[in-house]
Each structure stands twice: as C-alpha cells, then as structure tokens.
Amino acid sequence: MLLALEDATVRFGGRAALDGVDLSVAEHEIVCVLGPSGSGKSTLLRVVAGLQHLDGGRVLLDGRDQAGVAAHKRGVGLMFQDHQLFPQRDVGGNVAFGLRMHGVSKGEQSERVGELLDLVGLPGAAGRAVAGLSGGEQQRVALARALAPRPRLLMLDEPLGQLDRSLRERLVVELRELFGRLGTTVLAVTHDQGEAFALADRVVVMRDGRIAQSGTPLEVWQRPADEFVARFLGFENVVEGTVAGEAADTPWGKVPVPEGASQGVRSLLVRPAGVRLVDAGLRCSVVARTFKGTHVAVRLRPEGDAPVLEAACALRAAPEVGDTVGVEFDAAEIVVLG
Amino acid sequence: MVLPVAFFGLFFAWPVAAIVARGLKADGSWQFGRITDVLAQSDIRHVLWFTTWQALASTALTLAVALPGAYVFARYDFPGKQILRAVVTVPFVLPTVVVGTAFLALVGRGGLLDELWGVRLDTTVWAILLAHVFFNYAVVVRTVGGLWGQMDPRQEEAARMLGASSWRAWRKVTLPALAPAVAAAALMVFLFTFTSFGVVQILGGPTFSTLEVEIYRQTSEIFDLGTAAVLTLVQFVAVGAILAVHAWTVRRRESVLRLVAPETTARRPRGAGQWALLAGVLATIAVLLVLPLAVLVQRSLDAPDFGYYRALTSADGGVFLVPPIEAIGNSLEYAVAATAIAVLIGGLAAAALTRRDAGRFVRGFDALLMLPLGVSAVTVGFGFLIALDEPPLDLRASWILVPLAQALVGVPFVVRTMLPVLRAVDQRLREAAAVLGASPWRVWREVDLPLVRRALLIAAGFAFAVSLGEFGATVFIARPDNPTLPVAVARLLGRAGDLNYGQAMALSTILMVVCAVALLVLERLRTDRTGEF
C-alpha cells in the first residue's frame, strides 16, 4: 500500500475530527473521500500531508511511519481548496516552486514547467500574473504546481469546489483522464457526489470523523451501507420496515425486496425509479413535480400518514400536481440497508 | 524565538534586575523600606505629581488640538493633502532633542517671541505642553484619522434616514465606533508624555522635572543610584499599567467595523463653516508644527557665511574632544548597526509570534516586547550602565553598547510594523509551500519575505529614525569622544555663549533634515504600488 492510515485520530477540543480512521490507498489508485462539511475529510488530508498533528494512530507512506516527518519531507502533493497560488510569482514561478525546493536545475525547471502547462491546457502561460487568471485557470495552475515535483501521492481538497457547474463537469473528466495517463495516485476529498463518482476508482464516505462506507462508485451507489449514506447520496425514499421472506412490511404497505435480503427490522431504500405509477396499488396525491431534463421527479403524498415518496417518471407519463395516482414497487430498485 | 528571548533577557531583563538589586539591596539583604523612604521625600512627590499632571494636560491639549485635524484629514479633500500628511508626521520621528531645541528657539530666551513681544515661555510649563502637542499631533491624526477615514459615511446617512439629526447621527453612530481609537491614541500620548525626557530636560530648566529627568539627575548629577533605582521601579510599574490598559483598548478596537477605502469618504469642504474649519486646522499646523522648525533653521543660519555650521567642524569649542561634526558620522554608524540588530531581533520575534501554534508563553512575549518602548530610554541606559560594566559581560568599552541600547528601543517598532502584515499572510499559503518541499526557513524566505518586504523596509526606517534620535539611553552610555547627534546637541545647549547655542541649532537642523528625509522615503514606500498584493 502506498498510503495507510491506522486508527488515525485527531481531536479539536473535545470533538473528534478524525475518529479511529483506517484507510489505505494502493499505487495508481484514485480514492475520493466524500462527506458533508465538518465530516473530517479535510483534516484527513492535512494529517497525511503532515500539516496536522495526530492525537492517535499512524500514517504510513510506502510502509514507513510518518510520525516526526515534517510536511516538506513527505513527498506528497496537496492542492488546496482555494488554490493558494503565490500572489507575488507569475504562473511559471508558481509551477516551478516545488522543483526549486527540490534543487532541480534551471533548465530542467523551465522544460518541466512548459511540459506541465501543456498538460493542463495552458500552453505558454508561464509569464502571466496569477492575479489575472480566471477560476478555472487558477485551478489548472494549482494542479500543475502540485504535479511538478512528481509527488508519490497527490491530494486534492475540493479540487473543483469553487468553479461553476459546466466547467466542473468538463474538468472532472479531464482530471480522470490525466491521472489515468500519468498513473498518479490520488486522494481527493469532496462534498459533491457527482464529482466523487466521476473521478474515483473507490469512494470513501465519511461521517463525523468516521468512515461510513468504502467501495467502488457503483457499489456505493447501488448498495448504500446505511440510511446516512443513502440520504447523503440524495435518496429520500428511506423508511423502516420488517423484512420477512421476499417482502417487507412498511408504512407504504407490502413492498417486495430482492432475493436473499437480510431479515427482520431494517431500513429500506426505494429508488425513485422503483416507484411505478399504476392505476391500482397505494393511493397517492401528487404534491409537486420537478422537471429534471431526462425525467420528471414527482413528489407523492400517500393516503394516511405514511412518509412522502419520490418517483421518477418518463417525461410524457408524468401526472399533474393534484392528480391522484396508484403506486407499485419494483423489487430490483429496492435496497435493504445495513 | 530563542534569539529574541536571549536578547531581551540579556539586554533588558538583566539590566532591569540589576537596577532593582541596586536600589533595594544593601549589604546583601533586601531593603523594601527604601521604597517608602524615597516616596516620602517631598521633592520626589513633587516630581511624581508633576509627571502625572503634565502628562494628563499634554494629552488633553493634544486631543483638543489634533482631533479637528484628524477629522479634516479623514473627511476633507484638498490640494496638497498628501504632502501635508507627511509634514504632520515629521515631528513624531524627530528626536526629542530637536523638538526641545526648536521650541527653545521659538519661545526661549532670545527666541522669536522674545524678540517680537518680549514673551518667554521657557520658564513656564507651557513650553513643555506645546512641545508635547507638537510631538504627538501625528499620533492622534494617524490613529484616529486613519480609522475615521475608513469608516463608511453611509452608516451615518442610514442613521439620518432613520430620523437622526446630523449631530445625533455622529454622536450615536460614528463616535462609539471611534471611541476605542481615541482612547488608544490618548493612552499612547499619555505614555509618551509621561516618560518624556529630552523635551523636559531642555525646556524644563531647574523648575520642572519628570520622573525620567529625575532618574537621570539622580544618576549623573547626584550619584544617588538607590533613589534612581526606586524611581525606575515606580516608572516601570506605571508604564506597565498604562500598557496593559492600552492592550485592552486595542483588543476592544478589533470589533468588526465596516471599513471602506479612505479615498471614497473624503470630499471637498462645502460652505463657510467647513472652509473655516479647514483653515483653522491649517493655521494650527502652520503655527504649531511648521513654525518651530522654521525658526530652528533660521536660528542655525543666524551667523554670517554659515558660521555655526562651519564652527561644527572645529574642535576649538572645547565642549568635545572632537569636532561636533563627527557626531553625524557616529550617529549614522550607530543607527545602521542598531537598525540591523532591531530588524533581526524584531523580525524573528514577529515571525515567532505569527505562528499559529504560538503558545501562551510566546503570546506573553508579545506584551513584553512593548515594555522597552514605554519603560523609558533612561531606564535602559541606566540599566546598561550598571549591568554591563563588569565581567562576565563588560561592554563598557565596546562601541556596540550604544547600538544595542538603541536597538532595544527600536525593536517594538519593528514588531508592531511587521506583525499585522505577517498575520495577514494566509497560513495555507505557507502550508502550500511546505507541501511542495520548502523547509520552514525556506517557507519564510519564499512566502513571507516577499509579502512583507515593504513592511520590513518601513520597520527598518522606523528603527533607523528612532536610533538616530535616541537620546535617553544614549546619553548614559555614549563615550565623550564619540557623541551622537542628540547628545552633542544637548551638550552644546548646556554651555553658555552664542556660538554653542548656534551650533546646537545647526546640529539640530542637520538631524531634522536626516530624519525628515528618512520619513519621506518611508512615506513613498508606504503608498507606492499598494495594489501589488
């Protein structure tokens, strides 16, 4: 393992920002830590970088304990959330900074700076002042600067956080392609699930300083580990039910569950796509409909006091607000959590 | 951190401890009764009383004269404002000796007022008070006016829209926001005037004596080191108390204010009232700040063919072993050395204080650094005299003694100038450099230094001006054959005769010019390319 955290713990005052975290990152792997703000994900990066002191546990890089190794000797790269470009240096000076610190010769420096600026799509920008760069350009310079000294591990803190949506979507694809080409090992943190799923080989969901789930984007998306992860991923149809055989008893009535589901009282996730609008079944009134481009999200209030349901409907089939519809559930889109 | 602490331990704490021991220890045992003995003497009580009330009166007078000035500089736009702002600041960096001499030339025997109307103020307390106003005008204009100019006038306008009269809007909105700055400025002025030495020494004559002057007199004229030590302790306690109150008001001032660029709040005066106010402030500056310096220059030229200046080059006067002109060279050499020491120590201290993980000890050191500023130069000089004159550390014969003392006084200025700038540097910028492989030292060199270079230059300039004009400490320890400019001026003034008087005026003029030039260079540095960062 290139990076391993063992029982890493950091306390601020009485609160644990990291609470016994175990995490490992293999060479060439892209791991994305996903969590709401305050979940401890930035602290995780700072601990690995050596900018934050550990209150317990160990950080190992290439199997070597990093206790007592100063930040500048760890050979890891960190791209800060708001880039933190050096304001008094031009673009080239920023990118060359790490090379200079490592005693790379002048000629090699300028060669590598040119190479990196080409790589991030800013050819010939070495002489530009950083104050005059747009947000996206700053982000690229920060990336080039972090890549320049060839860190064994590149860490990204909310790499695309401050950029607008379309730029973000484009850059995340570029980043993944770039890291794949360079074989860079990456540990990134973000609060944006779309970004995490698009970028990562493996996603780690954090909650209150602990790891809630770890897996490939597909695994995490398909089988959220618990209600917190499901809700954090944006799923709202989570309800408690009693699973017996291939059906569960829920406030929404009998709901079919996949074969082999764990039995007993469980949290159930019903994906919006698993909520089918039919003539029979659970009677619901439509309280809102939101156009989502590829489909329409419909909010349904069932009769009685059962929780509100979200359904995804095809554009043409979507009912109007105020309509009364019937609901059936599709076992393939239902997950029995934890 | 180690170097500044060692520096202060060796050159401040130890000398102060030596003073304490000298004052309170006799035959190896502590004699605390001596404190009450000294304080019971009626002439000492008189000195204490005078020190306090003249400081209060000076502070009140300075505020009364300078607050309208602060307002005019903050809110009015008029031609020549930039130059005038620099002119107003010149007195603050002028050596006290120059200030004293200038006022002597204005209101003393044979001074301008004496010639015109036969008025002499140098035997009254008014000369001292006026000189203190002269000296501290800039403190109020800069501290209060600086904030005032950055306060958003729309806040007052908002109050007006809610139905407040303009006077009420000012009283309820602007004044409360301004009050901590006024308090801080007042405390600074009080501190400076409470520990006033050069001005009182020259203008006070035998009648008026502050604590500081009395300490000097007890040491160098009466040779009563015990009394001097007790007085030093009294002053130490008083200054500590003032600084504590000052630190408290400064903290309160850090409440969140909406600040705007000063250029946007100033406008041309409108109506007779505002023009009259502007005229009044300009007249005050002309009479109080410019006139004394002009008279000083005029007096120094009051002999045919620059006679006084030429006299400076000969040793015939008999006051010194060397021609007085050599004092210029001495002063410059000492000031350069002192500046180098002050910038090194102050820079290291400021860097240590900026660290986010700075513990309580380090933060306490912050307050400690301010002490030499207030604890009076005479204390420092006296402490050097009795602490560093015997093995293991005998620096009495070494030229470095004078720059060391001057650096001690200069360090607080360096720290004060550097600290806000260093604190403004984003910690994550340093972290970014560290992650890219920069060691802590390189982080400082690569990240902090480029950002604070200008502050460093300004700090160096301040330290230079302070060293150049330093009088209280230097007068104790400068050797007779190596006088600095202020010491030479004071010694010339102590002698009778027109030639000595004229030479003092001439030397003071030279000193004033050097300091003013240093300040003007600083002002340029301060305003140049402000948009860079």
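## Model and confidence

Chain A has an average pLDDT of 89, and 100% of the residues score at least 70; pLDDT is the predictor's confidence in each residue, from 0 to 100. This is a predicted model, in which local features need pLDDT of at least 70, side-chain atom pairs count only at pLDDT 80 or more, and totals for chains, interfaces and linings use all residues. Residues are numbered from 1 along each chain as its sequence is written, while chains are lettered from A and ligands numbered from 1 in the order in which they are written. In chain A, confidence is lowest in helix α5 (residues 165–182), at a mean of 86, and highest in strand β3 (residues 30–34), at 94. Helices (H or I, at least four residues) and strands (E, at least two) are DSSP runs, numbered from the N terminus.

Chain B has a mean pLDDT of 75, and 82% of its residues reach 70 or more. Within chain B, the lowest confidence is in strand β4 (residues 393–394), at a mean of 62, and the highest is in helix α19 (residues 427–435), at 87. Over residues 527–533 of chain B, pLDDT stays under 50, and the model has two contacts beyond four places in sequence for this stretch. Two residues are in contact if their C-beta atoms, placed from the backbone, lie within 7 Å. The ipTM of the model is 0.80 and the pTM is 0.67.

## Chain A as a whole

The secondary structure of chain A consists of eight helices and 20 strands. Of the 338 residues in chain A, 41% are buried. A residue is buried if 20 or more other C-beta atoms lie within 10 Å of its own, exposed if 12 or fewer, and partly exposed in between, with C-beta atoms placed from the backbone. Among contacts in chain A between residues at least 6 apart in sequence, 64% join residues at least 24 apart.

Four strands of chain A form an open sheet in the order β2-β1-β4-β5, with antiparallel pairing. Two strands pair if DSSP finds at least two bridges between them. At the edges stand β2 (15–25) and β5 (64–65) of chain A; each has a single partner strand, so one side of each is left without a neighbour in the sheet.

Strand β1 (residues 3–12) of chain A pairs with β2(A) in the antiparallel sense over seven bridges. Leu5(A) stands opposite Leu23(A) in β2(A). Helix α1 (residues 41–49) of chain A lies across β1, β2 and β4 (56–61) of chain A and runs at about 65 degrees to β2(A). Axes are lines fitted to C-alpha atoms, for helices over the stretch in contact, and angles run from 0 to 180 degrees between N-to-C directions.

## The five-stranded sheet

An open sheet of five strands in chain A has the order β13-β12-β11-β14-β20 and antiparallel pairing. Its edge strands are β13 (253–256) and β20 (334–337) of chain A, each pairing on one side only. From one strand to the next, the twist averages 45 degrees.

Strands β11 (residues 238–244) and β12 (residues 247–250) of chain A run antiparallel and are joined by three bridges. Val243(A) has Ala248(A) in β12(A) as its bridge partner.

## The β17–β18 hairpin

Strand β17 (residues 296–302) of chain A and β18(A) pair in the antiparallel sense over five bridges. The two strands form a hairpin with six residues between them, and Gly304(A) in the turn has a positive phi of about 80 degrees. Arg299(A) stands opposite Glu310(A) in β18(A).

In a regular strand the side chains alternate between the two faces of the sheet. Strand β18 (residues 309–313) of chain A has a covered face made of Leu309(A), Ala311(A) and Cys313(A), and an uncovered face made of Glu310(A) and Ala312(A). Ala312(A) counts as partly exposed because it has 17 C-beta neighbours inside 10 Å. Leaving aside its neighbours within four places in sequence, Ala312(A) is in contact with Pro272(A), Ala273(A), His295(A) and Ala297(A). The C-alpha atoms of Ala312(A) and His295(A) are separated by 6.4 Å, although these residues are 17 residues apart along the chain.

Most residues other than glycine have a negative phi. His83(A), not a glycine, has a positive phi of about 70 degrees, and Gln84(A) has a positive phi near 50 degrees. His83(A) lies in the loop between β6 and α2 of chain A, and Gln84(A) is found in the loop between β6 and α2 of chain A. His83(A) counts as buried because it has 24 C-beta neighbours inside 10 Å. Gln84(A) is buried, with 24 other C-beta atoms within 10 Å.

## Contact with chain B

In chain A, 17 residues are in contact with 17 residues of chain B. On the side of chain A that touches chain B, β6 (76–79) and α2 (91–101) of chain A each supply at least two residues. By class, this side has eleven nonpolar, six polar and no charged residues. Ala, Val, Leu, Ile, Met, Phe, Trp, Tyr, Cys and Pro count as nonpolar, Asp, Glu, Lys and Arg as charged, and the others, Gly among them, as polar.
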